[in-house]
Structure formats: C-alpha cells, structure tokens
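These are my notebook entries on a single protein structure. I set down what I looked up, topic by topic.

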Amino acid sequence: MIAKVIVDVPVSQTDRPFDYLIPDDLEPVVEPGMRVVVPFGPRKLLGFVVGKEQHSELKKIKPIESVVDHTPVLTDELLELGSWLSETALCFTVSAYLAMLPAVMKANYKKYISVADDKALQENYPGVYDFMTKQQKPVEWESIVKNQPSYLKDLQNGIKKGWLSVEQKVEDKRKEKRVKMISPADYINLHKALEDMDKRAEKQKKVLRFFLNRSQNEPAVLSELLKELGVSRPSVKGLVDKGYLIEQEVEQFRDAYARSDIKPTSALTLTDEQEEVLKPIEEDIASGHHHVYLCHGVTGSGKTEIYLQAIEKVINMGKEAIVLVPEIALTPQMVHRFKGRFGSEVAVMHSGLNKGEKYDEWRKIHTGKVRVVVGARSAVFAPFKNLGIIIIDEEHETSYKQEENPRYHARDVAIFRGTFHNCPVVLGSATPALESFARAQKGVYRLASLAKRINNQSMPEVMMIDMREEIRNGNRSMFSKVLHDKLLDRLDKSEQSVLFLNRRGYSTFVMCRDCGHVIQCPHCDISLTYHRRHAELKCHYCGYQESLPNSCPSCQSEHIRYFGSGTQKVEEALTRMIPEARVLRMDVDTTRRKGSHEKLLKAFGDGKADILLGTQMIAKGLDFPNVTLVGVLAADTMLHLPDFRASEKTFQLLTQVSGRAGRHEKKGEVVVQSYTPDHYAIVHAGNHDYNGFYNQEMRERQSHRYPPYYFLALVTVSHTEFPKVVDVTESITNVLKQSLTQTAQILGPVAPPIPRIKDRYRYQCMIKYKNEPNLLNVLNKIQSHYQEAFTKDNLHISIDVNPFILM
DNA sequence: AGCACGCCGACT
DNA sequence: GTCGGCGTGCTC
C-alpha cells in the first residue's frame, strides 16, 4: 500500500502529496489524518497522511519511517478543509494542517552526532574526538552550535569523511500527564483470591480487601492507594503479576477550571423575540439543514441564552457544538455561563492557557470527552466529527481574521464546516460587520433580529460632548465638565463608573516642543511609544527600545516631552482631579500576568473600586449591575486611521461600550467625548441606530469601491532595499493588470501606512474586484513564481485575500 | 527549507 | 593539484 503524504516543508515546490510505501506491519495502522515520520531527501520530516492508494506511478518509493499518532488527528473533513484553505487563503497545505492542531503537535527537528570511526577521528581531529568521547551519548547538533562553535568545522569535515555519523530525529513536543490506575481484573473473584493468598502476604491481602470494600471494580490511583494503605509498590505489583489486579495508564487532563466554583444553571424562559430567533435554528438542528443565521441583537438582548438553548438541543441529539468568542471577550464571566449550563461537557480554548493546557483541552475534544468547545478563533478547527451547530459571537470582531499565514477568517471556516456537517452557523452581534449585514439583506444569510433588551430595559441615554467647546471654555483637561460632574455624582451614590480610553492610533509619542521633532524607531517608520514604567521608548512593531532622552536629539532643546494619552496618564489626571475615587486600571501592563485579568474584574465586581479605567479589553462582555455610567474619553481617535473600516470600527466600539451601562435595574448613562461629535459614526452610535449607520456607511463604501461592494486582495512586498521593493511591486502590478478583467481595479504600487518595519521597506498593491474567477490562480502563480527569487534574495511577499488590516 | 552536486578562483 | 565559495535543482 502507498500513503500520500504532505511533508512539513512549507514551500510551493513541495506543496503536494508525496508517495510513501506503507510497511506491512504498519499497513493496518496507517490511516489518513495521521502524522508520520518520513525520509525526505537526506533528512527526516513530519508528514500528514492524506490518502491511501494501492499503487504508485513512481519507481523509487521510500517507506514510512514511523507513525506518530495512534488515531488520526485530522478527520477527513479537516483534511479537505486544509486543502480548501491552501487554495483560498494562498497558504501551504502543511501550514493549514498545523494551524488546526495545538502548537505542541508541531515537529521538533533535531540532529544528533555520534562517532562512527574511532581510529580515523582520533588521528585526524583529536580535539573533536576527545570532545565526543567525553560526551558519551550522541550529541545534539544545535547544542554544539550554541556552546562549542569552534568544533563545527572539524565536525562537518568528519561527517563528510564518514568518521562521524548523523542521526535525524523528529520529536514531538506533546506530553500527556499520565497516572497509573489499579483495578481488580473483571473475571477474578476477590474473595476466592483472598483465600488463595499465601498466609504471609499480609500487605497483598490488605490491598485485596481494599478493593473488596470498594464498589464494583472501580479503579484507584496507584500513588493514592499506596499512601492510603501504607503498602509499597511491590505488593501491588505482585498482585498484578498474579493476574488479580490490572494496572493501566490513564491520561490525566489538566483542568484550568477544576477549582473554580461554578454554579450549575438551567434554561431561562425566553422572550417571544428570543423564541422567534431560536425556532428556525432548532428546526435546522433537528432536520440537519445548513443555513447561516445573522442574529442582530442589541446589547443585553439575550443572545447568549439563545446560544445555550440551541446547544442544549444539539447535545440532546448526540451532536457537538463550537462557540467562538473573540479572545478579548473570553472572560471568566463568559466561560462560567457555558460551564454552568453544560458542566464538564465544555472545553475552553483561549490564549491564557499554556501549551500543555491547550493540548489537554484539544484532547478532550479529540477523544470525545466533551461536546462543546468555547474558544477563540482557532477553536473553529475543533476535531469534532458530528457537529450540530457553530456559533460565532460578536461576529464583527476583527480578531476572527488571522493576520499571518494561513490568513483565514473563522467565519469562512465555520461556513465550510457547517455546509459539510449540514448544521446551522449562527453569527451574533449587536453591530454586525457590514459584509454580514449586506449578505443578510440579500438573503444569503437569514436575518434574525432582537430589538429589545430582556426585561424591557431601555437603552442607556447617550450624551455627546464636543471637546472643542470645552477647550474654548478654558477646560484643557481630558475630562469634560459634564463627565467630571457625573463621576462625582456616582461617587456620592456609591455607584460605579467605567471609563473607556480608545488608545488605538493614539500612542503616546515623544515630541520636542521647540522644533517639533518626534522620536522615531530607527528600524521602522513609526514613532516610538513612551512607557512610563521604565521611562523607556518602545517600538510596537519590532520591539526596539531606548531610554527617554533628556534633550532633543535634533535641536538639543530640553523641552522634550510625551504627548498623547495612555491609560497611565489618564489615571494620574483622574486621581489628581478626584483624589477620593478608587481607580482600577486595566490595560496590557496591568493584565500581563496570568489570571490578573480575572482578579481585576472580580475586585471591581466586588465593589473594591469606584471607577474602572481601561482600553479595548473592557469594551466587551462586562456585566456589572452597579455600573450606571460609562465614559468614552476620546471617541474619534480611531476615526482618522488610514483604514476604510475606521467609521465602522468606531461605531461598533461606541455601541459596545455604551452597552456596558445600566444592564440591570438601575438606568445607565453614557458620556461620549469627541472632537467630531457630528461624524455620522458617532451620531448613529449615540442614537443606537444600526440601520441608520449601515445605510450611510454602505453609500460611502459604494462610492469608494470598498467591501461589501467590492472584494479586496492585498499584495505586500518587503525588502531591505527600497528600489528593489518598488521594482518588484511594479512588475507584480503589471502582471495583475494583464491577467485580470477590465472591471478589476489595481491600485499600486503604493507605500503602505507604515512604509518600513524592522529595517525592511514595504510596498503594496491592492486589488479591488467584483468577480475574478481567475484571481486566486494568478495570485498563486505570482507567489510561486517570485518565491524562489524571494527566498534567496531575502525578498518577502505576502498575499492577503480579504485583508482586514491594510498596513 | 535543507542539503548535495557541481563548477570556478586562491591557496598548500 | 585541492579547499571552499555559493548557484542550481531535487526531495516520494
């Protein structure tokens, strides 16, 4: 038998199956979807078996070296999904497969050197010989490179001459936690065994009695058993050898939520509106039909309860469910809701888990221990075999698009899988992406609306503050008079407030007041960000840092200071303004440590602070009954980013933030400060008017030929030399112009908003198109044609179909 | 990507 | 005459 194997070499020349002979003894073992180790040229590689065939057309076929997995780690569906991804996202098939698995399942390649010809080596390279014999065991190549680079040359020659041998190893980084379990053998009568025992074997009898007193044949953990009975390992081993007891290794799952106290919940009564949304979804689940539902529900309208009840239906039918949540909203509150309803049926996948924990959660899914996964983007690849529903909450979130290879969008993957499994895909949002809403309007998706909040709470009142007015009235602080007063008012009533600072595009840069010089990264064309903590300037793109200078590097003036507004700066101003307020700051700095996110939120929920101040991360999913005021400090910072989605993002963010107020009995208020309060994104957000925003933004998109009216593809070229980048981008642009239809618009070559990152110049070419059946083909050709030149010349090309970030 | 093969210059 | 530079091409 022949196995078709995709090898772990992510280049276009090897992006196809290679034939390998399946040795007779592995014949019954090897199945598509398994990882195998195969010889490839002179080395050994990890590969994915994608098919089995009786014959091969090739003469020279090497056998599979070994099989890594006991059961396939990718189902047939996921294998198919991988090749679909490689075509549509223009990535290599292996990259797609690896993206579907936890990181620990990537191969670890190691090279080991050992002595093959003692005599010859000793004669020619005595130094190397001494070194090698001192080490005894084969020596890992990388450790020599790191620690004894002086030997490398001689070693290389020794290998060439055959005095040293090289062994390639493919290692797997995964490590299951395993425990030894002891249980009585099924067919053994313990009473009889006890009688048969040697009189002197007190310890062994003690063990048998222990199992006699236990219900049925319940296994016990070996280590605990030994401790409890005060016997030693050989006593148990003796019984195992006699065949009375059975020892087996059982995987133990690390459970990050094992200790938390989550109370079970049961289904809530739905409102008529919720009922109406749920009904067609349930019908699809019952009858096995695929539709995409866009569930447009205002914040607080009870979307999650609909998800929960749909999942319940899915579980009752013996099927499985995937719930995607943006990373930032994967808060403990959210996880608790699912754990509370479905208990141990739920696996949770988020970036807070370490690699081992992620692997364990993945295995819970793979081994069928759970039926529900709640997770961020990559959870869409959960290896379920019988999916009954896929839910994407906050579907408009940009984090669903992966910004590196494979550049997939979780929504597209979900729809692929939903089609395969004939199950519904539910997209939920208070502010759907324009693309999604447009599709729903066209009838491609089924639109379901929830216009009312549960318990009929009204939407919070939104006040727009024109900050230009404040400045005119002599208020130069970052807090308007109104916001200041309202904060004090809440403090009086001991109610809580949330202050939201939209920091994106608002980095705290350092500028000289005399000459206007802004300190920039020497490797990237972007200004450095000031970090107060260590009085350092950091580059967010390449990690470069330097200490804050005392004088301007350009004019030597000492009037150099930082501008912009970070959370730290706001916190300072806030405590200066209202010293008695207890402020909790939440940003990347205060939440870096594991679990600190949860801790901070808990502290706020427990009323240990009056004001929660934070960035993006507090915009989602927070639900505190005592919060009655939400302040947005600078609503329009994002509006002026060079991004055609700037208005949409601003609208979404303001709507989400406003939704944090007054979700319970107490009425909520929102204060939005901006310098452009009459911008339509801000106005419509203030009126909670999605449709109004949608209609206006759609006109903008149409007139500027942007999505959803046109599709986009973005080609970015980078190299250390500027003329080269321009040159290559130009020729790519020409190829595109010749190969695409007249209706396609090709913009470029143009310099992107950040023209240089990590000392590499960048240039782009953007394609706007409506219908280009040939596009993927052409882009694929461009990628593989230039790739050879690219790798050896250190040129880089990245192609993003449907890009989200245009930088 | 790695690695071998192979074809030319600068050294014992 | 050989060591070693890195251009070219292949890997089942």
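The entries below cover cavities, aromatic rings, salt bridges and backbone details.

**Conventions**

I worked with a predicted model, in which local features need pLDDT of at least 70, side-chain atom pairs count only at pLDDT 80 or more, and totals for chains, interfaces and linings use all residues. Residues are numbered from 1 along each chain as its sequence is written, chains are lettered from A and ligands numbered from 1 in the order in which they are written, and side-chain values use heavy atoms, with hydrogens and water left out.

**Entry 1: the cavity**

I searched first for cavities, a cavity being a set of points on a 1 Å grid over the protein atoms alone where a 1.4 Å probe fits but cannot get out. Grid points are joined across faces, edges and corners, and the volume is the space filled by probe spheres set on the points. I found one cavity of 30 Å³ or more. The largest cavity has a volume of about 50 Å³.

Which residues line the largest cavity? I noted His396, Thr398, Ala433, Glu435, Arg645, Glu648, Lys649, Gln652 and Phe804, where a lining residue has an atom within 4 Å of a point. I sorted the lining into two nonpolar, three polar and four charged residues. In this scheme Ala, Val, Leu, Ile, Met, Phe, Trp, Tyr, Cys and Pro count as nonpolar, Asp, Glu, Lys and Arg as charged, and the others, Gly among them, as polar. Helix α21 (residues 646-658) gives the most to this lining, with three residues. Helices (H or I, at least four residues) and strands (E, at least two) are DSSP runs, numbered from the N terminus.

I also looked at two lining residues together: arginine 645 lies over the face of phenylalanine 804, at 4.2 Å from the ring centre. A charge sits over a ring if NZ of Lys or CZ of Arg is within 6 Å of the ring centre and within 35 degrees of the ring normal. Lysine 169 lies over the face of tyrosine 112, at 5.3 Å from the ring centre.

**Entry 2: aromatic rings**

How many aromatic pairs are there? I counted 18 aromatic pairs. Rings of Phe, Tyr and Trp (its six-membered ring) pair if their centres lie within 6.5 Å; planes under 30 degrees apart count as stacked, over 60 as edge-to-face and the rest as tilted.

The ring centres of phenylalanine 48 and tyrosine 97 are 5.2 Å apart and their planes stand at 55 degrees, so this pair is tilted. Phenylalanine 48 belongs to strand β4 (residues 43-53) and tyrosine 97 to helix α2 (residues 93-99), so the pair ties together parts 49 residues apart in sequence. I recorded both phenylalanine 48 and tyrosine 97 as buried (buried means under 20% relative accessible area, exposed over 50%, partly exposed in between, with a 1.4 Å probe and protein chains only).

Tryptophan 84 and phenylalanine 416 form another tilted pair, with 4.8 Å centre to centre and 35 degrees between the planes. This pair links helix α1 (residues 76-88) with helix α15 (residues 410-421), the two residues being 332 residues apart. Tryptophan 84 is partly exposed at 27%, whereas phenylalanine 416 is buried at 15%.

I noted one aromatic cluster formed by Phe437, Phe651, Tyr680, Tyr690, Phe693 and Tyr694.

**Entry 3: salt bridges**

I found 32 salt bridges in the whole structure, each being a side-chain nitrogen of Lys or Arg within 4 Å of a carboxyl oxygen of Asp or Glu.

In one of them, lysine 4 meets glutamate 53 at 3.7 Å, N to O. Lysine 4 lies in strand β1 (residues 2-7) and glutamate 53 in strand β4, so parts 49 residues apart in sequence are tied together.

Aspartate 69 pairs with arginine 35, the closest N and O atoms being 2.7 Å apart. Is aspartate 69 buried or exposed? Aspartate 69 is buried, with a relative accessible area of 4%, and arginine 35 is buried at 0%.

Arginine 407 and aspartate 800 meet at 3.2 Å, N to O, and both are buried.

**Entry 4: the backbone**

I looked up two cis peptide bonds. One joins asparagine 405 and proline 406, with omega about -10 degrees; the other joins proline 707 and proline 708, with omega about 5 degrees. Proline 406 is in the loop between β16 and α15. Glutamate 394 lies in the loop between β16 and α15, and its phi is near 55 degrees, a positive value in a residue other than glycine.

Definitions and conventions. On a 1 Å grid over the protein atoms alone, a cavity is a set of points where a 1.4 Å probe fits but cannot get out, and a pocket is an open set with protein on both sides within 12 Å along at least five of seven lines; lining residues have an atom within 4 Å of a point.
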